[in-house]
Amino acid sequence: MQSVKMMLKFIETEIRFNAPPVPVLLEKMCGQSELRTLSFLPICLTQIQRGTDLPHAWEHSLRRVKTTLTGEEIGLLQAFGAQLGTTDINGQISHCHMYDQLLDDKLSAALQKKQELSRMYISLGLFLGLAAAILFI
């Protein structure tokens with residue numbers, strides 16, 4: 001998810017200062033080493049170069065790759081791609097901000113769930129250890 005957040009920041013910066021067409025933006029993203037883990041980007045670029053419109057290319061590329069993202073996170077990415085390049089510069093910057101905030105919320109929830117589960121597993125381990133010790137006595 002961190003790579004996705006970096007992608008959003010990259011898109012926002014590029015739009016703010018260069019306002020490139022979407023295919024040029026995708027080419028730049030594919031060249032960024034920090035974004036190489038987002039394997040759907042080169043697939044999307046290839047689809048666009050073959051004449052597919054961005055929303056369909058974006059969705060198709062997200063469905064083709066295996067990822068550690070949840071279905072909900074992929075849904076957010078699909079919705080992001082459906083609107084990418086459809087408004088003026090300020091609209092696109094706002095679009096990036098909104099999805100960055102949505103991903104922040106998902107990241108916070110995931111970290112909280114991880115902490116809760118780690119506490120539960122520690123407690124369960126202690127309980128099972130005590131139970132085993134009592135059985136052996």
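## Overall fold

How many helices and strands make up the secondary structure of the protein chain? The chain has six helices and zero strands, where helices (H or I, at least four residues) and strands (E, at least two) are DSSP runs numbered from the N terminus. Along the sequence, this gives the pattern α-α-α-α-α-α.

Before going on, a word on what you are looking at. This is a predicted model, in which local features need pLDDT of at least 70 and side-chain atom pairs count only at pLDDT 80 or more, while totals for chains, interfaces and linings use all residues. Residues are numbered from 1 along each chain as its sequence is written, and side-chain values use heavy atoms, with hydrogens and water left out.

## Overall dimensions

The C-alpha trace of the protein chain spans about 75 × 30 × 25 Å along its principal axes. Its radius of gyration is 20 Å, whereas a compact globule of 137 residues would have one near 14 Å; the value is taken over C-alpha atoms, and the globule rule is 2.2 Å times the number of residues to the power 0.38.

## The helix α6

Helix α6 (89–136) has 48 residues and reaches 70 Å from its first C-alpha to its last, close to the 70 Å expected at 1.5 Å a residue. That expected span is 1.5 Å times one less than the number of residues.

The buried residues of α6 include Ile93, Cys96, Tyr99 and Leu103. Here buried means under 20% relative accessible area, exposed over 50%, and partly exposed in between (1.4 Å probe, protein chains only). The buried residues of α6 pack against α1 and α5.

## The nonpolar core

A nonpolar core is a set of buried Ala, Val, Leu, Ile, Met, Phe, Trp, Tyr and Cys residues joined through side-chain atoms within 4.5 Å. The largest one holds 33 residues, and Met7, Ile11, Leu26, Met29, Phe40, Leu41 and Trp58 touch the most other members. Helices α1, α2, α3, α4, α5 and α6 each give two or more residues to this core.

Leaving aside neighbours within four places in sequence, Phe40 is in contact with Met7, Trp58, Ser61, Leu62, Val65 and Leu77, contact meaning heavy atoms within 4.5 Å.

## A closer look at Ser61

Is Ser61 buried or exposed? Ser61 is buried, with a relative accessible area of 0%, and lies in helix α4 (residues 54–64). Beyond its neighbours within four places in sequence, Ser61 is in contact with Phe40, Ile43 and Cys44. The Ser61 side chain also reaches the backbone oxygen of Trp58 at 2.8 Å.

Definitions and conventions:
Polar contact = N/O pair within 3.5 Å; in protein donor to acceptor, adjacent residues only side chain to side chain.
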